[in-house]
Amino acid sequence: MFIALSALALILLAGLRYDTGIDYMYSYVPSLEETRVGYTPHYDALFNFIIWIFAQFESNQWFFFAMAVYTVAMMYYAICKQSRFIALPVTLYIVSFHYLRSFCFVAQYVSIVTFLVGTVFLLQGRYIKAFALVALSCFLHLSGIVVIPFCLLFFLPNRAMAVVSMILPCCAYMGQSVVRVFAERFSMNTRFDYYITGQYDTAYSDTRLTMINLAVFLIFVAIYLLGTNGVRQDNKANWYLLAQSFALAFCFLQAVLPVGYRFVWYFMIVQCLSIPYMLRFFLRGTAYYLAVTLVIMCFAAWMVVYQVHGSSEVLPYTFVFDTSTVYW
């Protein structure tokens, strides 16, 4: 009952909104209207096909409702399959901006939750379904291609995976110039060429994402090095450490990748599952719940005080302490 009601609340809030989120009126509504008169939106082919399907309906609301159902349902599926209790992961999903971001970045979050369920199948050893969903994630949004090397590293032995996790952020930080050259060549003659040559190149780098992911990475590394309760032999724990390593690596690459903060989200969303799981290896009982509550409070405080500027301008709410805003 808790699962059904909490999911329904999130679906209705996201799916029945109107004119909420900058991308609502500046991207998706125009794309639906353009499709109705014969034009093709700027999204990837599969998502353009989805837009075409919902453009057959008179109301745009069907599109937003369907995308909300899919996004929340896939997120809940991943949580229920990977967590014994869902209250903490669902709370992290809400307070870590992922739920709010999905209001605006509809196409990308459809891709992200598809990838997340793919990782669930990967951990279960259902490899055909896993890589089918990873491929679907890439077709839904081309940025999903960054998850392919991450998924391939799953087949490394635990110790090798941990070594990669430790050195990857350093390699990303030191290899920024090489990554920039590769990004320019890869984006040439694609829809991302618009980003790398325009105002959206690296102007929206989010240093707070770097601080958050660095803190979580250091906590995970400390838990791993302590080696309590068999964490080093736990396949899922090593996998979560690798996901956090990728999140931090892409935080460092924001300085050279166009709208690079978007790549961080693919791996940062795993924190909804990994933070409660990893802390279990180090803490028990009251201490565990106090630690998770502290993490949730830190995320919630970040969400409240976060200034609406830069990349946050696309978030679906107005900063309540902005005295220059006129509310109607």
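Here is a short chat about a predicted model and the labels given to some of its residues.

Trainee: Which residues is His-98 in contact with, leaving aside its neighbours within four places in sequence?

Mentor: Tyr-93, Tyr-109, Trp-265, Met-268, Ile-269 and Cys-272. Take Met-268: it sits 170 residues away along the chain, yet the two C-alpha atoms are separated by 9.0 Å.

Trainee: What makes Glu-33 and Arg-36 a salt bridge?

Mentor: The N to O distance between their side chains is 3.2 Å, and the cut-off is 4 Å, so the pair counts as a salt bridge. The structure holds 1 salt bridge.

Trainee: How far apart are Glu-33 and Arg-36 in helix α2?

Mentor: They are 3 residues apart, so about one helical turn separates them.

Trainee: And why is Glu-33 called partly exposed?

Mentor: Glu-33 has a relative accessible area of 38%.

Trainee: How many aromatic pairs does a search of the whole structure find?

Mentor: It finds 37. One of them is Phe-49 with Trp-52, with ring centres 6.0 Å apart and planes at 15°.

Trainee: What makes the Phe-49 and Trp-52 pair stacked?

Mentor: Stacked needs planes under 30 degrees apart, and theirs are at 15°, so the pair is stacked.

Notes:
Residues numbered from 1 in each chain as written. Predicted model: local features only at pLDDT ≥ 70, side-chain atom pairs only at ≥ 80, totals over all residues. Heavy atoms only, no water. Contact = heavy atoms within 4.5 Å. Helix = DSSP H or I, 4+ residues; strand = E, 2+ residues; numbered from the N terminus. Buried < 20%, exposed > 50% of the residue type's maximum accessible area, 1.4 Å probe, protein only. Phe/Tyr/Trp six-rings, centres within 6.5 Å; stacked < 30°, edge-to-face > 60°.
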